[in-house]
Amino acid sequence: MTVFKGFLTLTKRNLGMMFLYIAIFLTISIFVQKALGSSNANGFEPERLDIAVIDRDRGTLAKGFTNYLGMFHNIKEMPDDKSVLQDRLFYRDIYYVVTIPDNFEKKCLENNEKLPVTKVPGSTSSYYVDQQINSFFNSMRTMTTGGFSVSEALEHIETYASVSPKVTLIDKTGHSGNMAEHAFMFQYMPYIILSILCYVLSYIMLSFGNADIKKRILCSCISSRSMNLQLILGHITIGLGIWIICIIMPVTLYRETFLTDPNMPYYLINSFLMMLVSLSIAFFISSFPLREEIINGIVNVITLGMSFTCGVFVSMDILGKEVKALAHFLPVYWYEIVNGLLAENSSLSSAQTIELWQGYGIQALFAIAFLAAAMVLRRTRTMAAQ
């Protein structure tokens, strides 16, 4: 087992890099889980903006309208000075300015004139205020047309606006509607598996591909068949070792949620297939006559490229149609499809089960395809050398 022992010796030299990638992986997954996984899915809390209301009318409708906005937002006292308001908007002291003109009731309620507003450019929260203002005027016009006075209409609107609806979400995930904590870690797992296996195995195979080392091995009592079998055993050992380390992390950090998750076996199968895909990609990369100084660049392009285009670092919901269409031809995309399916459902329907095994099958086909391509490439290089 001389070749196998040499394989492990070269692996030990790269332990520092392996631990560095593991530390990066843990940092990213835990940070994202804390940032995105702490939201309460059992209810909604509307956002309160800091806004300014410039009341030039001082009438009953204007005061009622100001009180209405105060039910949803924080109204700050501001002078009726354009330069001051612009300055406060620039520094985000306020995000929205409503100017109530003179003769407010006639202009905006009866004549349907547009209410003058100023908002922070590009702020999505301002649309929320726009919708509330439109809702106020629609309700006022409906009630006053129906015979209610302005005071009566304001009273009814404030009563209805003060009622908070009770919202109950269906718990599809089995974790109170939240995405399971360990699901975030499995989402980022392809990056760590791909990075470590492609980097370490490429360097190891580069050493064994050296012409002088290969000749020295073949001159010994070790046959070419035995050398290849020991190299395969080394690949399997490293792959299983990295996979076990990756599985130990969610078991250690999220023992209660992960071990009780009914989808735990599916997570394990999905990550195991990702390990096989990574091994085949690493074997394919090492089949090229690469120099040591360019391996790191190639591995970074492959791992980061697939991570950003296949839903590892960027959520699938954010990716554009063109990116998703391209990602269909990459194995990590199908890993993330399966991981998203498991994270969003505690129990799978028959259609979802079919989609699950479809993702497994496509990953397995990618592993076989990369392995076959690597074998063909190695065979071609061997025949060319002869």
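## Serine 286 and its surroundings

Let's start at one residue: leaving aside residues up to four places away in sequence, serine 286 touches Ser202, Met205, Arg378 and Arg381. This is a predicted model, and the protein in it has 386 residues, of which 41% are buried.

**Serine 286**

- You will find serine 286 in a loop, with helix H12 (264-285) on one side and helix H13 (292-309) on the other.
- Is serine 286 buried or exposed? Its relative accessibility is 12%, so serine 286 counts as buried, the cut-off for buried being under 20%.

**Methionine 375**

- Helix H16, which covers residues 350-385, holds methionine 375.
- Methionine 375 has a relative accessible area of 47% and is therefore partly exposed, a class that runs between the 20% limit for buried and the 50% limit for exposed.
- How far apart in space are methionine 375 and phenylalanine 284? Their C-alpha atoms are separated by 8.1 Å, while 91 residues separate the two in sequence.

**The protein as a whole**

- The secondary structure comprises 16 helices and four strands.
- Taking contacts between residues at least 6 apart in sequence, 76% of them link residues at least 24 apart.

Notes
Residues are numbered from 1 along each chain as its sequence is written. This is a predicted model: local features need pLDDT of at least 70, side-chain atom pairs count only at pLDDT 80 or more; totals for chains, interfaces and linings use all residues. Side-chain values use heavy atoms; hydrogens and water are left out. Helices (H or I, at least four residues) and strands (E, at least two) are DSSP runs, numbered from the N terminus. Buried means under 20% relative accessible area, exposed over 50%, partly exposed in between (1.4 Å probe, protein chains only). Contact means heavy atoms within 4.5 Å.
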